[in-house]
Amino acid sequence: MMISEIEALASREGMDAQMGDLYLIMGKAYKRMKDEKKARELGEKALRFLTYYAGFDSDRTEMALRFVEGLGT
């Protein structure tokens with residue numbers, strides 16, 4: 001529920017470019033809660049958004065990539 005509320009708020013406020021960062025934050029929270037599946041899902045969304053909005057060579061994109069890779073398989 002929290003994720004859909006954040007997505008709706010970001011969309012309403014025109015914050016699509018910030019969603020990559022928000023997905024990464026939420027992914028890290030789910031990792032701390034030991035929900036690896038949800039953490040991976042959000043990490044991959046973060047990576048897609050950050051690649052599109054910040055570029056593949058952005059530090060933020062690289063941070064999201066390291067997060068996803070750190071989750072293993």
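**Close-up views of a predicted model**

**View 1. Thr-61 and its polar contact.** The side chain of Thr-61 comes within reach of the backbone oxygen of Gly-55, at 2.8 Å. The model shown here and in the other views is predicted. Thr-61 belongs to helix α4. With a relative accessible area of 4%, Thr-61 is buried, because buried means under 20%. Not counting residues up to four places away in sequence, Thr-61 touches Leu-47, Leu-50, Thr-51, Ala-54, Gly-55 and Phe-56.

**View 2. The stacked pair Phe-49 and Tyr-53.** Three aromatic pairs are present in the structure. In one of them, the ring centres of Phe-49 and Tyr-53 are 6.2 Å apart and the planes meet at 25 degrees, so the pair is stacked; the cut-off for stacking is under 30 degrees. Both residues lie in helix α3 (residues 36-53), where they are four residues apart, about one turn of the helix. Phe-49 counts as partly exposed, at 27% relative accessibility. Tyr-53, at 40%, also counts as partly exposed.

**View 3. The edge-to-face pair Tyr-52 and Tyr-53.** Tyr-53, partly exposed at 40% relative accessibility, also pairs with Tyr-52. The arrangement of Tyr-52 and Tyr-53 is edge-to-face, with 4.8 Å from centre to centre and 85 degrees between the planes. Tyr-52 has a relative accessible area of 68% and is exposed, since the cut-off for exposed is over 50%.

**View 4. The aromatic cluster.** Four residues, Tyr-23, Phe-49, Tyr-52 and Tyr-53, form one aromatic cluster. Leaving aside neighbours within four places in sequence, Tyr-23 is in contact with Ile-3, Glu-7, Leu-42, Lys-45, Ala-46 and Phe-49.

**View 5. The largest nonpolar core.** In soluble globular proteins, nonpolar side chains tend to be buried together. Here the largest nonpolar core has 15 residues, and those that touch the most other members are Ile-3, Tyr-23, Leu-42 and Phe-67. Two or more residues of this core come from each of the elements α1 (2-12), α2 (19-32), α3 and α4 (59-70). Helix α2 gives the largest share, five residues.

Notes. Residues numbered from 1 in each chain as written. Predicted model: local features only at pLDDT ≥ 70, side-chain atom pairs only at ≥ 80, totals over all residues. Heavy atoms only, no water. Phe/Tyr/Trp six-rings, centres within 6.5 Å; stacked < 30°, edge-to-face > 60°. Buried < 20%, exposed > 50% of the residue type's maximum accessible area, 1.4 Å probe, protein only. Core = buried A, V, L, I, M, F, W, Y, C linked by side-chain atoms within 4.5 Å. Contact = heavy atoms within 4.5 Å. Polar contact = N/O pair within 3.5 Å; in protein donor to acceptor, adjacent residues only side chain to side chain.
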